[in-house]
Amino acid sequence: MKYSQAEQLGISMFSLLDTKGSCGLKIARNLRMIQDELKEYYQRKEELFRKYGEEKDGQLIVEKTSPFFEQFTKELNELDLDVEFPFRKITEQELIDSGLSAKQMAIIWEMVE
């Protein structure tokens, strides 16, 4: 998976932190692993926003119309390396017992053994 995919997975998993039982514990540990791995990626991404972005409504953004957009996108894509996670696997029974909806299960499906 790419760093950008891990970032989206982490954002999606955050909503599952209230999951009960061993499934919830594994979700929390897997999320922490993702967040730890993404720290440097976030720092470098923030540096790019500071370098090329402009503040708008309290946030740094790089608009498509910016003369720096192409360079920003190029450098951002260079950061999007492959990363692998040794996820703590969730059993099908833990998933069933968790009470998660099918939509929620889909978020963490790659963690199910």
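## Asn-30 and its surroundings

In this predicted model, Asn-30 touches Met-13, Phe-87, Arg-88 and Met-111, leaving out residues up to four places away in sequence. Asn-30 is part of helix α2. With a relative accessibility of 0%, Asn-30 falls under the 20% cut-off and therefore counts as buried.

Ile-27 is another residue of α2 on the buried list. Setting aside neighbours within four places in sequence, Ile-27 is in contact with Met-13, Leu-16, Thr-19, Ile-90, Leu-100 and Ile-108.

## Helix α2

Let's step back to the helix itself. Helix α2 covers residues 21-52, 32 residues in total, and spans 44 Å from its first C-alpha to its last, close to the 46 Å expected at 1.5 Å a residue. Along the way there is a kink of about 45°, centred on Leu-38.

Leu-38 is itself buried, as are Cys-23, Gly-24, Lys-26, Ile-27, Asn-30, Leu-31, Ile-34, Tyr-41, Lys-45, Leu-48 and Tyr-52. The partners of these buried α2 residues are α1 (3-14), β1 (54-56), α3 (69-79) and α4 (92-98).

## Helix α1

One of those partners, α1, has 12 residues and reaches 16 Å between its end C-alpha atoms, close to the expected 16 Å. Its buried residues are Tyr-3, Ala-6, Glu-7, Leu-9, Gly-10 and Met-13. Viewed down the axis of α1, they fall within an arc of 165°, so they line one face of the helix. There is a handy rule behind such patterns: an α-helix has 3.6 residues a turn, so residues three or four places apart point the same way.

The buried residues of α1 pack against α2, α3 and α5 (102-107).

## The nonpolar core

Which residues have the most contacts inside the largest nonpolar core? They are Met-13, Ile-27, Ile-34 and Ile-108, in a core of 26 residues. Two or more residues of this core come from each of α1, α2 and α3, and α2 gives the largest share, with eight.

## The whole chain

Zooming out, the protein has five helices and two strands, arranged along the sequence as α-α-β-β-α-α-α. Its radius of gyration is 17 Å, whereas a compact globule of 113 residues would have one near 13 Å. The C-alpha atoms fill a box of roughly 55 × 30 × 20 Å along the principal axes.

Of the 113 residues, 34% count as buried. Among contacts between residues at least 6 apart in sequence, 63% join residues at least 24 apart.

Definitions and conventions
Residues are numbered from 1 along each chain as its sequence is written. This is a predicted model: local features need pLDDT of at least 70, side-chain atom pairs count only at pLDDT 80 or more; totals for chains, interfaces and linings use all residues. Side-chain values use heavy atoms; hydrogens and water are left out. Helices (H or I, at least four residues) and strands (E, at least two) are DSSP runs, numbered from the N terminus. The expected span of a helix is 1.5 Å times one less than its number of residues. The bend at a residue is the angle between axes fitted to the seven residues ending there and the seven starting there. Buried means under 20% relative accessible area, exposed over 50%, partly exposed in between (1.4 Å probe, protein chains only). Contact means heavy atoms within 4.5 Å. The arc is that of the directions from the helix axis to the C-beta atoms. A nonpolar core is a set of buried Ala, Val, Leu, Ile, Met, Phe, Trp, Tyr and Cys residues joined through side-chain atoms within 4.5 Å. The radius of gyration is taken over C-alpha atoms; the globule rule is 2.2 Å times the number of residues to the power 0.38.
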